[in-house]
Amino acid sequence: MQQEVVLAMLAKEPSQGFQLRARLDQALGALGEAMNDGQIYVTLGRLEKAGLVVRQHVPISADRRGPKVYELTATGQERVSEWLGEVSWPKPDLAEFHLKLIAAAAAGLADPIGIVDVQRRELIRRLREAQRAAMAESDGSEAGLLLEGITLRLQADLRWLEACERSWTDRRKRS
Amino acid sequence: MGKTLLVCRLAVRDVRHHLAQAVLLVIAIAAATATLTMALALNGVTSQPPYAATRAATKGPDVVAYLTSTSQAKKLVKAPGVANHSGPFPVASGIIRFDGRQADVFAEGRTTAPAEVDQPLVTSGTWVRPGGIVIQRTFADALGVSVGDQVTLNGESFAVAGIAVTAAQSAYPNLCNGTHLGPTPAASKFSDACPFPSFNIPLLSVHGSDTATASSDDVGQIWMTEADAIGLTSKVNPLTTYALNLKLTNPDNAQAFAYDRATAANAPLFSTWQGLGSEDAVLVEDGHGVLEPGAVLLALLAIASVAVLVGRRLSEYERRVGLLKAVGGTPSLVAATFLAENLVLALLAAVIGLLAGWLVSPLITSPGAALIGTAGAPSFSLSTAADVVGLAVVVALAATLLPAIRAARSSTVDALNDVARPPRRRRKLIGLSNRLPVPALFGLRLVARRPRRALLSAANIAVTVTGIVAVLAFHAYADGRLSGASAVTATGLSDPVINRDEQMLTVITVMLVTLAVLNALFTTWATVLDARHSSALMRALGARARQVTSGLVVAQVLSALPGAILGVPLGFGLFTAAVHGGALPPKSWLVATVIGTLIAMASLTVVPAQLGTRQPVAEVLASEAA
Amino acid sequence: MNEEESVLLARGLRKEYGSGEGLVRAVDAVDLEVARGETLAIMGPSGCGKSTMLHLMGGLDRPSAGELWLNGSRIDRLSERGLAQLRRHEIGFIFQAFHLMDELTAQENVELPALLAGRSPREARRRAFQLLDQVGLGERATHLPSALSGGQRQRVAIARALANEPLLVLADEPTGNLDSAATLEVLRLFEDLHTGGLTLVVVTHDERIAATADRMISMRDGAFVDETRLTGSTSGNLAGLIGLGS
């Protein structure tokens, strides 16, 4: 789980672990549910070690201590601002697949079209899942927006796979 | 240069794409120009009077005097203002018989040598000789004789040596309807009495019982040698009339000259060239009264057909303009293409129309063939051709300018998307149609969604029915005239005026019917095409092909009905405007016309509709916008 | 598959245009079975013949050869009249361009097939309202198509296709003219209808539509080249979609 994500979640206010979890769930919907509980605590631990987050008790009154909460340090806050300003977009993994096809064809290890078909089927299944999840969300939910993004990207990837299939089929016809 | 070539190429391509439409356009414009040509030809006959031509060619007299004795001639010949004369020629009365027909004739005795004044022009055969007579042309037509035939005159046999025209007497059958000089110049024009002093044989066809003055429609003019003419006379049929032809130094004085001498006691009867000329004009004007409204009607019908054709092209045109504009072309390029196309088609149509009119005109003008210049092909002046071509060009321009202007004003996007004219919504009609069976539902909604096209359809039908009703009215009128003229049936001669009128009528009727059928074809075809998308959609939703076809028929009949009904009063109005005094044709004819038109429209819709339902639904939906 | 369960059956279906050198095989010896309640998606590049295939199934066009069975009766040899009957009662069609009548309101558009089938105007109207409600356009029943968005227009078209309770609904690129949000509307509707037991065959470019199907067939050059069964085949790894599980 990306560290900066958890950091950012703490920017609003210090929170306990389960509160963080709840906030993530709300934002990720069905996808969040599939997440492992432990993941969050592992990430929080790393952040503590890096000095971006500090864990301490919340004082309730002069002599009573509340539960332990996680809180951003000054460095942590800096990191969050930095991260918010970054414009990098996660890279899709097309190059790997592309090379996979070429290698398979060159070495005669497998039929590239077969590989494409298999990948297409997998992506279509994923698309189906994401879509179903999206439709289960109510209109305007945050999770719904995320799911829409995922479906659109899957769709784009599928388009590319169709192009791959066409291209490799033509290549086979010509040879 | 490149642009011209481009325009030409685009135009040719476009015509080839829409060949059927182009052909129909040419036919419609050709019909209009043909009618205009005929009207102009006939007009040419009247406006530039052939009488003048005849007068010039026959050395026509300025004044003709009918004397009771030759002694009257001396005074007249010596009168001041007289430049030349011929005669006095003896005029005998006779009855001519040929092929079961008979008629009264005045036989003028002439010398074989040409006279100085009034030498009738022989149009076929030769001039008089002993035993050979010359017959006036329209009279010969009516009698049915030609050169070489044998006729009987007062019981004796003669040969027809020739046929001629003259300017000294009115042409048959107006010989005795002519200009008998009355008490005032004004009263001189239309008189029942013959200019000849007496007709000495009991007239065959007499309105009154007075044989002293001939008063009939059926007297004809012939010429023979003097000896032969005198030979016709007898104790019971004495020679009592002589014709004297005078040429004046100043022809304009003819009326005054005659009037001065006509009122004296025992004065001769006079005819003047002005009176004779106007009489002849009436003959042709009569026909004009038939041709003009007929021509107007045909022109209207042709324009209506063209309007339907052009109307359909409007939306295609707009789409094309949009496309060209979108790729950077100018509306002017498309306008130029369209104009070039339409101009070429229109000019082609004009040529065809001119040719057709030229070929058909003799049919119309020749019965008025007493006069020179009307035999065979009518005189075609450059102005006629110019007028006709002008009409064609105007039509082409109108057909181009209108869509060009609209397309220039519309936005490119709208033109491309054909947004300009969505169908209209009529809530009540839609609600009403719900309860009707499918064909009626479909048909009613089709009319409701495109009211303007339905209106165009109705207008077309109105024009067609107007024409048919006018023609029917004229037929009824002509029948009436025919049956009233007992003179005709008694002697068996045909009345050339009615004959000619009927011929004109037939020609006009045929043209009208042809144009009406064409128009109906265009209209029904347009109706079906406009409804292509709706028809396909209905079929996709489960309507049967037969239901769709019936629906189209319903739509067509619904829009045709008001037009057909309107056409009846309009047609009668047109008829009365052209021919004064006529009765409405029998009601049964009118009802039959309206019903017949509706049935025709319905049947004509069926074929394109059925063809349309053969096409696969998916194809039509893919290609057509709503 | 049990033949009694299949709504549509095609054997050796062919559609050819032209002849000799110019012969085009739009649909080339296709076999197909569609089970009751199934959603089938047909995908393929432009010109692969999928639309033609759909038109053949819907009786909008006649096959050049082969057999076509709908609910156990042979339909490829039907007369024009028989095909019209088919379109009226057994088959509903949804087009990419919606093809609504612009001068009719939503309810007037939807009631049209019912009127064609001979139902009384009142009943047709009632059914139209019911369907418009079902597709979520109850309040817009009296709107003209020009007052509706693309997605709403397609939903009206879907309602229309359901007017006579057809056995089978065929959709030709139903989201072709729609944007992402409108597509989602239509997707939801198809899902609902599917749950309700509708048998649907969709021809589409859009992978999202295909992903809602139970079965997906790829078509190329007039023939079926691939078939994917999509129900019950999730990888169960939703989190894997977003890389949060690392």
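**A note on chains B and C**

1. Let's start with a helix pair in chain C: H5(C) passes H6(C) in a right-handed crossing. Bear in mind as you look that this is a predicted model.

2. Where are the two helices? Helix H5 of chain C covers residues 150–161, and helix H6 of chain C covers residues 180–195. Their axes come within 8 Å and cross at roughly 25 degrees. Angles under 35 degrees count as roughly parallel, so H5(C) and H6(C) are roughly parallel to each other.

3. If you want to find the contact on screen, look on H5(C) for C:Gly150, C:Gly151, C:Gln154, C:Arg155 and C:Ile158. Their counterparts on H6(C) are C:Ala181, C:Ala182, C:Glu185, C:Val186 and C:Leu189. Sorted by class, the contact has 5 nonpolar, 3 polar and 2 charged residues.

4. Now over to chain B, which has 626 residues, 51% of them buried. Its secondary structure comes to 20 helices and 10 strands. Take the contacts in chain B between residues at least 6 apart in sequence: 83% of these join residues at least 24 apart.

5. How do the two chains meet? On the chain B side, 23 residues are in contact with 22 residues of chain C. Four helices of chain B each give two or more residues to that side: H12 (427–434), H13 (438–449), H17 (532–540) and H20 (617–623). As for the make-up of the chain B side that touches chain C, 15 residues are nonpolar, 2 are polar and 6 are charged.

How values were computed
Residues numbered from 1 in each chain as written. Chains lettered and ligands numbered in written order. Predicted model: local features only at pLDDT ≥ 70, side-chain atom pairs only at ≥ 80, totals over all residues. Contact = placed C-beta atoms within 7 Å. Nonpolar A, V, L, I, M, F, W, Y, C, P; charged D, E, K, R; others polar. Buried ≥ 20, exposed ≤ 12 C-beta atoms within 10 Å, placed from the backbone. Axes fitted to C-alpha atoms, helices over the stretch in contact; angles between N-to-C directions. Parallel < 35°, antiparallel > 145°, perpendicular 65-115°, else oblique. Left-handed = near helix turned anticlockwise from the far one by under 90°.
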